[in-house]
Amino acid sequence: MVDQDLIENDEPLLVAKSLSKSYGRIAACRDVSFALYPGEVLAIVGESGSGKSTLLQLLSGQLAASGGQVSYRMRDGVTRDFATLGEAERRFLFRTDWGFVHQDPAQGLRMAVSAGANVGERLMAVGWNHYGRIRDTASDWLTRVEIDIARIDDAPRTYSGGMRQRLQIARNLVTEPRLVFMDEPTGGLDVSVQARLLDLVRSLVAELHLAVIIVTHDLAVARLLSHRVMVMKGGRVIETGLTDQVLDDPREPYTQLLVSSILPP
Amino acid sequence: MNAPAYNFAYLDEQTKRMIRRAILKAIAIPGYQVPFASREMPMPYGWGTGGVQVTAAILGPEDVLKVIDQGSDDTTNAISIRKFFAKTAGVATTTATEDATVVQTRHRIPETELHENQVLVYQVPIPEPLRFLEPRETETRRMHALAEYGLMHVKLYEDIARFGHIATAYAYPVKVNARYVMDPSPTPKFDNPKMDNCPALQLFGAGREKRIYAIPPYTQVVSLDFEDHPFEPYRFDAPCALCAAENSYLDEIVTDDKGGRMFVCSDTDYCEGRQAAGHHGSLSAAPYKEKAGSHG
């Protein structure tokens, strides 16, 4: 018997080949290539306007690329070019095998419906039709992201910023996705709340063997969460490598500047 | 500039053709909302402009029209629309459900079972069942196209989480022909089972929103629910105070300021029919006593 896990992990989950995107004459993203393996956490760092968010949107298929391609290994093991997927397949992928954690929880949550329904929505979208089971699963997930079960029927607009972000994570993970995109998940949270959130994300990632692409301008977040780092500037990837290697021994002048601009603790 | 001053049933023939095309498409795709070029009608939006246009487009000189509003034949809206067609089309009108060939309705389905030679025309204020869950029209259309109806269950989930049962009492969402989720217009959910496998053609017109949709005869219509919280029609637990009917939908009428109330059939034709057939409720007038003049 061949170890199935080994084969599973041997092939990349997502492959980007010379991705580029231009808005008229402005090139937001140029010639980005990389492969992401199951269970791997990749951080994309860089300053505002460096093309991080554009890249994330290209990778998650929310934006059509001007050049290059993204392919994804589906649950059946077949790797497919994202551009050839129909809209129905793409949307199905988005609510089952993928997650997207927005910086602003209001974009990723339904602020007017209860937390339980927010978590349960994906389940209902894939055909769960038993209220009791949906509710049990939702409470289970709220516990896992450290939200008090007593708040299950409250709308997220009554939640604090940190709770909203945790709820957003629960909502995304309930269908057990294999890949989660995160766009500045800790932006706008105060430091202690950030630390708890990062702790939570780190344990969930390890527990569920998630692959994560996380966009952040906060190098501390990259250091805590990611295995690999890609540094972007002016739409290009200027440096890539293992997290500690890039952050402790930066090669490019820009990366050196970025690393040195962090205040020492 | 030589348009005739009068055309049968108010609308000009080109407009009727346009509406009929939309109706045909709606019948071909049960539950799908077909856009149409809704016209200004001589009544305000919300008073049945959609229903009136559909009725005008399907009405023929031989038709017999019945118009009901909340089950009643004698409210302002019902009388005005009935008069409107009596005047502009010269068609016969009736209040008896079984005699009518076209029934235009607001908020009710008649209690008397419909038959194959009838068309039921609904006035619809908001045709989109997902409207209050997803505000973007582009998005709701896409959700219909891809049959992504998880969101509809989110609403039912919310009901149970808040009230312990599915508290949606009217405009209860249904799935038509196992494909499109549809808003049955603000009919009470009591009426939902009547739409299923109905022998009559059901047409829905939304004038302001410019949509027409349809349920062809004998089409499966299923009310959405959860396995552990099945759909249940709701009815006040009382007999009609005038005709003692136990199975009709009731209106609650407050009779004084001391908590007094009576329950009567909302379908006036049904109620009158039963009274004429000799059924009496607890509050029926007793004509023989008045004639006797027992207390002068």
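This is a predicted model: local features need pLDDT of at least 70, side-chain atom pairs count only at pLDDT 80 or more; totals for chains, interfaces and linings use all residues.

In what order do the six strands of the open sheet in chain A lie, and what is their pairing?

Modeller: Chain A has 11 helices and 10 strands. Its C-alpha trace spans about 55 × 50 × 45 Å along the principal axes. If you take the contacts between residues at least 6 apart in sequence, 65% of them join residues at least 24 apart.

Now to your sheet. Reading across it, the order is S6-S7-S8-S3-S9-S10 in chain A, and the pairing is mixed. Strand S6 (98-101) and strand S10 (236-242) of chain A are the edge strands, each pairing on one side only. On average, neighbouring strands of this sheet are turned by 15° against each other, direction ignored.

Let us look at strand S3 (41-45) of chain A. Five of the five residues of S3(A) are buried, so the strand is largely enclosed by the rest of the structure.

What does S3(A) pair with? One partner is S8(A): five bridges join the two strands, which run parallel. Here A:Val41 stands opposite A:Val212 in S8(A). Another partner is S9(A), joined to S3(A) by four bridges and again running parallel. In that pair, A:Ala43 has A:Val229 in S9(A) as its bridge partner.

Strand S7 (residues 179-183) and strand S8 (residues 211-216) of chain A run parallel and are joined by five bridges. One pair to find on your screen is A:Met182 with its bridge partner A:Ile214 in S8(A). A helix belongs in this picture too: helix H2 (residues 52-59) of chain A packs on the sheet, touching S3, S7, S8 and strand S9 (228-233) of chain A. The direction of H2(A) makes about 150° with that of S8(A).

Methods. Residues are numbered from 1 along each chain as its sequence is written. Chains are lettered from A and ligands numbered from 1 in the order in which they are written. Two residues are in contact if their C-beta atoms, placed from the backbone, lie within 7 Å. Two strands pair if DSSP finds at least two bridges between them. Axes are lines fitted to C-alpha atoms, for helices over the stretch in contact, and angles run from 0 to 180 degrees between N-to-C directions. A residue is buried if 20 or more other C-beta atoms lie within 10 Å of its own, exposed if 12 or fewer, and partly exposed in between; C-beta atoms are placed from the backbone.
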